Amino acid sequence: MTFAQMFTSSIGRKLVMGLTGLFLVTFLIVHAGINACIFADLSIFNPEDNGDMFNRAAHFMGSTVLIRIMEIGLFAGFILHIIQGYMLEAQNRAARGVGYAKPMGNNGSKWYSRSMGLLGTLILLFLILHLTHFWVPARFTHAGLEPLPTATGMMHDMFGLMKITFSELWVVIAYLLGVFSLFWHLMHGFQSAFRTVGVHNNKFLKLLASAGVWYSVIICLLFAAMPVAMYLKWVE
Ligand code: HEM
């Protein structure tokens, strides 16, 4: 396969989807892990934390040059995944010509594996809202961000921004819908990505199927718990 075919042929596009998908799966583990530092403030841990652990972790991520460079790779990965996803979907539709005369329902495949384009679009809408809430203020406008002193300088109060953002019910609901879409997208995407990059051994496929379910449940429960915990003031 030539480099150009990676971006134009159906199989090449699928490979790009698989590789960028695995990259994004890794990003979500790091992102959920760092954000989970907000739970350090829960009364069972340290109610005096007041978001300090999360603010320090977010500050480290935002001020480390290597991580900022990786952020460019992350956005490139997202953009490639989205563009190739839409191209693949259009290519498949054109190849299929017309839909099945009689819908096959779950006998052919699961509803969520047939709805990856729709779920991806919902996640994209969520992502636009999400980046406007946090990434744009953190990197560019600093709107709603109080400066906090550290031993070596200042850091942003990202925890404070989260509290303000998740004080509105519609935002919490929008995030829950976004995370729900992500859950179903991952339920198919996780194992599909591994298959695409060449895992075909039956034993591994069974293991992957359950790892995919565990991964999707844990990551999405963690993400869903964040706006809820803030809205209900379990952490503040
Ligand atoms: C639902 C709970 C979530 C919360 C509370 C949350 C919180 C945050 C915060 C505070 C930032 C800014 C970090 C900084 O720049 O200092 C951020 C950035 C970002 N988030 Fe989320 N996030 C959540 C879910 C997600 C999900 C599900 C995705 C992807 C599907 C995602 C993708 C991103 C991306 C791409 C960035 C910008 C890159 C970066 O700064 O790492 N987030 N998020």
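User: At what angle do H8 and H9 pack, and how far apart are their axes?

Analyst: In this predicted model, H8 and H9 pack at an angle of about 170 degrees, and their axes lie 9 Å apart.

User: Why is H8 called roughly antiparallel to H9?

Analyst: Angles over 145 degrees count as roughly antiparallel. The angle here is about 170 degrees, so H8 is roughly antiparallel to H9.

User: Which residues of H8 and H9 meet?

Analyst: On the H8 side they include Leu169, Val172, Tyr175 and Phe194, and on the H9 side they include Leu208, Ala209, Gly212 and Tyr231. By class, the contact of H8 with H9 has 21 nonpolar, three polar and no charged residues.

User: In which hand does H2 cross H9, left or right?

Analyst: The crossing of H2 past H9 is left-handed.

User: Which residues bring H2 and H9 together?

Analyst: Leu28, Ile29, Ala32 and Asn35 in H2 meet Ile219, Leu222, Phe223 and Met226 in H9. Seven of the residues in this contact of H2 with H9 are nonpolar, one is polar and none is charged.

User: How many residues surround the ligand, and which are the closest?

Analyst: The ligand is surrounded by 20 residues, and the closest are Ala58, Phe134, Ala138, Phe223 and Met226. Two or more residues of this shell come from each of H2, helix H3 (52-63), helix H6 (116-141), helix H7 (158-165), helix H8 (169-196) and H9.

User: Which element gives the most to the shell around the ligand, and how does the shell divide by class?

Analyst: H6 gives the most, with six residues. By class, the shell has 15 nonpolar, four polar and one charged residues.

User: What makes the phi of Asn50 worth a look?

Analyst: Most residues other than glycine have a negative phi. Asn50 is not a glycine, yet its phi is positive, at about 50 degrees. You can find Asn50 in the loop between H2 and H3.

User: Why is Asn50 called partly exposed?

Analyst: A buried residue has 20 or more other C-beta atoms within 10 Å, and an exposed one has 12 or fewer. Asn50 has 16 C-beta neighbours inside 10 Å, so Asn50 counts as partly exposed.

User: Where is Lys233, and what is its phi?

Analyst: Lys233 sits in the segment after H9. Its phi is near 60 degrees, a positive value in a residue other than glycine.

User: What is the secondary structure of the protein chain?

Analyst: It comes to nine helices and two strands. Along the sequence, the pattern reads α-α-α-α-α-α-β-β-α-α-α.

User: How much of the protein chain is buried, and what box does the chain fill?

Analyst: Of its 236 residues, 21% count as buried. Along the principal axes, the C-alpha atoms fill a box of roughly 60 × 35 × 35 Å.

Note on methods: Residues numbered from 1 in each chain as written. Predicted model: local features only at pLDDT ≥ 70, side-chain atom pairs only at ≥ 80, totals over all residues. Left-handed = near helix turned anticlockwise from the far one by under 90°. Helix = DSSP H or I, 4+ residues; strand = E, 2+ residues; numbered from the N terminus. Contact = placed C-beta atoms within 7 Å. Nonpolar A, V, L, I, M, F, W, Y, C, P; charged D, E, K, R; others polar. Near = placed C-beta within 6 Å. Axes fitted to C-alpha atoms, helices over the stretch in contact; angles between N-to-C directions. Parallel < 35°, antiparallel > 145°, perpendicular 65-115°, else oblique.
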